[in-house]
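The report then turns to a single side chain and its surroundings.

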Amino acid sequence: MKKKFMTATAFAAFALMAGGSVRAETLSIGTEGDYAPFNYVTAAGEIKGFDYDIGQAVCAEIKVDCVWSTNEWAGIIPALQAKKFDVMIASMAINPDRKTQVDFTKPYYFNAMRFVARKDLGLKDISPEALKGKVIGTQSGSVAVEALQQFFPESEVKLYPTMSEVFLDMENGRLDLILEGQMAFTEWLAKEESGCCAFVGDSFVLDTAEGNAMAVRKGDEALLAKLNQGLKTIMENGTYEKIRKQYFDFDIMAKPKTTSEYFR
């Protein structure tokens with residue numbers, strides 16, 4: 001069972017000072033905790049991953065003490081809106097629907113989607129015609145769902161609460177393919193002992209893709225400005241690149257081809 005982190009009290013993130021300026025002392029951050037290598041919980045019960053390291057670096061720049069919690073992905077936006085935490089750092093992709101619910105920072109990476117298929121299928125083509133009737137899994141609420149619904153209506157799509165469950169069903173032969181952000185596959189493919197699966201086709205993003213970003217409650221402009229300044233600083237002073245190289249050996253700020261370029 002996935003370990004959960006609960007905050008014992010509600011954290012007051014920001015307090016107005018004289019002159020109207022904002023000072024942060026303790027900031028509560030929500031993530032998912034089941035999306036390695038971006039955010040996950042270790043055997044020792046610690047939250048780790050790329051999202052965590054970027055968040056901690058930003059916290060250091062804006063001089064706040066950050067307290068993290070894990071939350072179910074399906075309810076992570078409602079949890080932010082309910083003030084269970086003040087910032088979401090969970091590799092959430094910006095899209096038009098989510099922008100009506102939360103305010104996003106500038107992106108801190110682009111996580112292009114890519115298919116992983118069972119090797120025994122011998123797939124080379126990932127066109128909608130080639131994947132007709134194939135069983136494709138992904139995480140409920142991810143941007144991959146939109147891509148599958150729009151471009152693969154004749155495939156059978158299975159949705160799961162977590163990527164761990166997607167990977168397990170793939171290993172057990174209950175799925176033909178998975179569509180998800182390509183970087184989310186890195187750790188699983190390296191550990192998957194049977195060698196069942198491999199990337200097929202090129203990576204792509206939705207036409208509306210604006211990158212993956214941190215999120216705050218609608219209208220929390222002071223906090224949003226602080227976070228954007230912190231992100232800007234770590235990208236300019238080399239901190240971002242040091243963290244990125246620990247996880248990925250390629251440019252994750254480059255935007256790949258879009259779905260309309262790939263499938264139309």
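## Helices on the sheet

In this predicted model, helix 7, which spans residues 221-236, lies across strand 3, strand 8, strand 9 and strand 15, and its direction runs at about 155° to strand 15.

The sheet itself is open and consists of 5 strands in the order 7-3-8-15-9, with mixed pairing. Strand 7 (65-70) and strand 9 (102-104) stand at the edges, and because each has a single partner strand, one side of each is left without a neighbour in the sheet. Taken on average and with direction ignored, neighbouring strands of this sheet are turned by 35° against each other. Helix 1, residues 50-61, also packs on the sheet, where it touches strand 3, strand 7, strand 8 (87-93) and strand 15 (212-217), and its direction makes about 155° with that of strand 7.

## Pairing within the sheet

Strands of a sheet pair through backbone hydrogen bonds, in either the parallel or the antiparallel sense. Here strand 3 (residues 26-31) is joined to strand 7 in the parallel sense over 6 bridges, and within this pair Leu27 has Cys66 of strand 7 as its bridge partner. Strand 3 also pairs with strand 8, again in the parallel sense, over 2 bridges, with Ile29 standing opposite Val87 of strand 8.

The pairing of strand 8 with strand 15 is antiparallel and rests on 3 bridges; in it, Met92 stands opposite Ala213 of strand 15. How many of the residues of strand 8 are buried? The count is 7 of the 7 residues, so strand 8 is largely enclosed by the rest of the structure.

Arg118 is located in strand 10, which covers residues 113-118. Is Arg118 buried or exposed? Its relative accessibility is 15%, and since buried means under 20%, Arg118 counts as buried.

The side chain of Arg118 reaches the backbone oxygen of Met170 at 2.7 Å. When residues up to four places away in sequence are not counted, Arg118 touches Met170, Glu171, Gly173, Leu175, Asp176, Cys196 and Cys197.

Key. Residues are numbered from 1 along each chain as its sequence is written. This is a predicted model: local features need pLDDT of at least 70, side-chain atom pairs count only at pLDDT 80 or more; totals for chains, interfaces and linings use all residues. Side-chain values use heavy atoms; hydrogens and water are left out. Two strands pair if DSSP finds at least two bridges between them. Helices (H or I, at least four residues) and strands (E, at least two) are DSSP runs, numbered from the N terminus. Axes are lines fitted to C-alpha atoms, for helices over the stretch in contact, and angles run from 0 to 180 degrees between N-to-C directions. Contact means heavy atoms within 4.5 Å. Buried means under 20% relative accessible area, exposed over 50%, partly exposed in between (1.4 Å probe, protein chains only). A polar contact is a pair of N or O atoms within 3.5 Å; within protein, one must be able to donate a hydrogen and the other to accept it, and residues adjacent in sequence count only if both atoms are side-chain atoms.
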